Structures are given as C-alpha cells and as structure tokens.
Amino acid sequence: MLLIFDWDGTLSDSAEKIINCLQKAAISANLRVCDSEAIRDIIGLGLPEAMNKLYPELSAGEHEIIRQHYVAHFLAADQEPSPFFEGVMEGLHQLHDHHYSLAVATGKSRQGLDRVLSNLKLTNFFHGSRCADETASKPHPQMLTELLVEFSREADQALMMGDTEYDMSMAHQIGMPKVAVSYGAHSIERLRTYQPSLCVDNFSEFVNWILKK
C-alpha cells in the first residue's frame, strides 16, 4: 500500500512557525498583518495560492515582495527544523520496516522539503514526494495522481493522511481513501465533511490501525 502524508500539521508541528513568519513578513513589507486563524486556514497551500487568499487586494508584484520576506524569515527560523508530532518518527520507522511505500504531498517548495529532510537526516527515507512548486497546488489532486503513476498504483491502493480540507479534498476528488488528524491546522469537524476512513488524535493511533489492516 502507498501511504501519502501531508507535511506541515500532519507530520511536522510547524504551524506556529509558519504563522509567525508570515506575520513578520507582513511587517517587513509594511502590509497589514493577518491574524493567526486566517494564516492557519491557508497552511497546506502553495505560497502563491496562500498569498492570493490572504491578500486578494494586492498586485502580483506585492505578493512577490511579501513572499520574499516570508522565505527570508522562514529560512532564518528553520535552521532548527520543527519537531515531529509525538509518535511520528517511531511510527514512520514502523511503517518503513513493514515495507509500506511512503510518500509526501506538501504545500512546501521542493527546496524547502529537501532542506528539512536533509536537516532531519531523512533524505532517502521517503520513497517519493510532490511539492506545490512542481505541480498543481492543493486542493487540485494532481500531486496525488502523479504519485499514483510513479508507484503504478490505483487510487484505492493508496491512502492520503492530512490535517486540512485541502488534503481531504484532493483525495476525495480521485476516490482515494483518506485519514484525518485532529491536531493540525483545520478543525476535525471541517475534515469530517469529506468522510475520511479514520479520524485520529495522534500518529500512533494511525500506525496501529494500518498495521492491523
């Protein structure tokens, strides 16, 4: 089975870092500062899509300015990678040891994902990945369909695990089973509207469920 994971808010406890860096970027660019909940809502989107949603009144040039400030603040803050949620590292190793194919589908850039994997010494751990700057951003399902082609799997032979509506939506669009987590960016009530196969409060609960299947 192919297990596909969102990164921020599902594996990595990085929401507060993202929120802080976007607010600092707005200050640096002399723009209005979005509140935490507005920023939490866009976690999972690619940066261009996030900027369009947070600042619809700005021009493309202004979006680029705040994007550059965000990248600079995030690079400075991410010298120490955000920690995994409790049980994630151990659970991923369990799944790896049981020969599951593991992949990442993330709103991060390719450079950003590669950097954090290198910092965590996980460069060769996942068997595949797709990032928002190399395919369509969530909630478009293209990153999932590309992973299915890469691994020669049908949608029902894979599973998407995520913490946002964007994760649930892209899996729902192609009939891929999905697991929702309650500890991420979006409320579990929002995720339940997509009828996930399972809702979990921690990663270990997901791993136990998978290994019993």
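Helix α1 (residues 15–28) and helix α4 (residues 60–77) have axes that come within 8 Å and cross at roughly 135°. That angle makes α1 oblique to α4. Their crossing is right-handed. On the α1 side, the contact is made by K17, I18, C21, L22, K24, A25, A26 and S28; on the α4 side, by I66, H69, Y70, H73, F74 and A77. By class, the residues of this contact divide into nine nonpolar, three polar and two charged.

This is a predicted model: local features need pLDDT of at least 70 and side-chain atom pairs count only at pLDDT 80 or more, while totals for chains, interfaces and linings use all residues. Residues are numbered from 1 along each chain as its sequence is written, and side-chain values use heavy atoms, with hydrogens and water left out.

The terms need their cut-offs. Helices (H or I, at least four residues) and strands (E, at least two) are DSSP runs, numbered from the N terminus. Axes are lines fitted to C-alpha atoms, for helices over the stretch in contact, and angles run from 0 to 180 degrees between N-to-C directions. Angles under 35 degrees count as roughly parallel, over 145 as roughly antiparallel, 65 to 115 as roughly perpendicular and the rest as oblique. A crossing is left-handed if the near helix is turned anticlockwise from the far one by less than a right angle, and right-handed if clockwise. Contact means heavy atoms within 4.5 Å. Ala, Val, Leu, Ile, Met, Phe, Trp, Tyr, Cys and Pro count as nonpolar, Asp, Glu, Lys and Arg as charged, and the others, Gly among them, as polar.

Helix α4 also packs on α3. The axes of α3 and α4 come within 10 Å and cross at roughly 120°. The two helices are therefore oblique to each other. α3 passes α4 in a right-handed crossing. L47, M51 and N52 of α3 make the contact with H63, I66, R67, Y70 and V71 of α4. Five of these residues are nonpolar, two polar and one charged.

Elsewhere, α5 (residues 88–97) packs with α10 (residues 203–212) at about 15°, their axes 9 Å apart. That makes α5 roughly parallel to α10. The crossing is left-handed. V88, G91, L92, Q94 and L95 in α5 meet F203, F206, V207, I210 and L211 in α10. Here the classes are eight nonpolar, two polar and no charged.

| Helix pair | Crossing angle | Axes |
|---|---|---|
| α1 and α4 | roughly 135° | within 8 Å |
| α3 and α4 | roughly 120° | within 10 Å |
| α5 and α10 | about 15° | 9 Å apart |

On a 1 Å grid over the protein atoms alone, a cavity is a set of points where a 1.4 Å probe fits but cannot get out, and a pocket is an open set with protein on both sides within 12 Å along at least five of seven lines; lining residues have an atom within 4 Å of a point. Grid points are joined across faces, edges and corners, and a volume is the space filled by probe spheres set on the points.

The largest pocket has a volume of about 620 Å³. Its lining has 29 residues, with L47, Y70, G107, K108 and S109 nearest its centre. The elements giving two or more residues are α1, α3 (47–54), α4 and α6 (110–119). α4 gives the most, with five residues. The lining divides into 13 nonpolar, nine polar and seven charged.

The count of cavities of 30 Å³ or more comes to one. About 40 Å³ of space lies in the largest cavity. W7, D8, S12, S14, F74, D78, S82, K108, V116 and L120 line this cavity.

Two backbone details remain. A cis peptide bond joins K138 and P139, with omega about 5°. P139 lies in the loop between β3 (128–131) and α7 (142–151). H99 is not a glycine, yet has a positive phi of about 65°. H99 sits in the loop between α5 and β2 (101–106).
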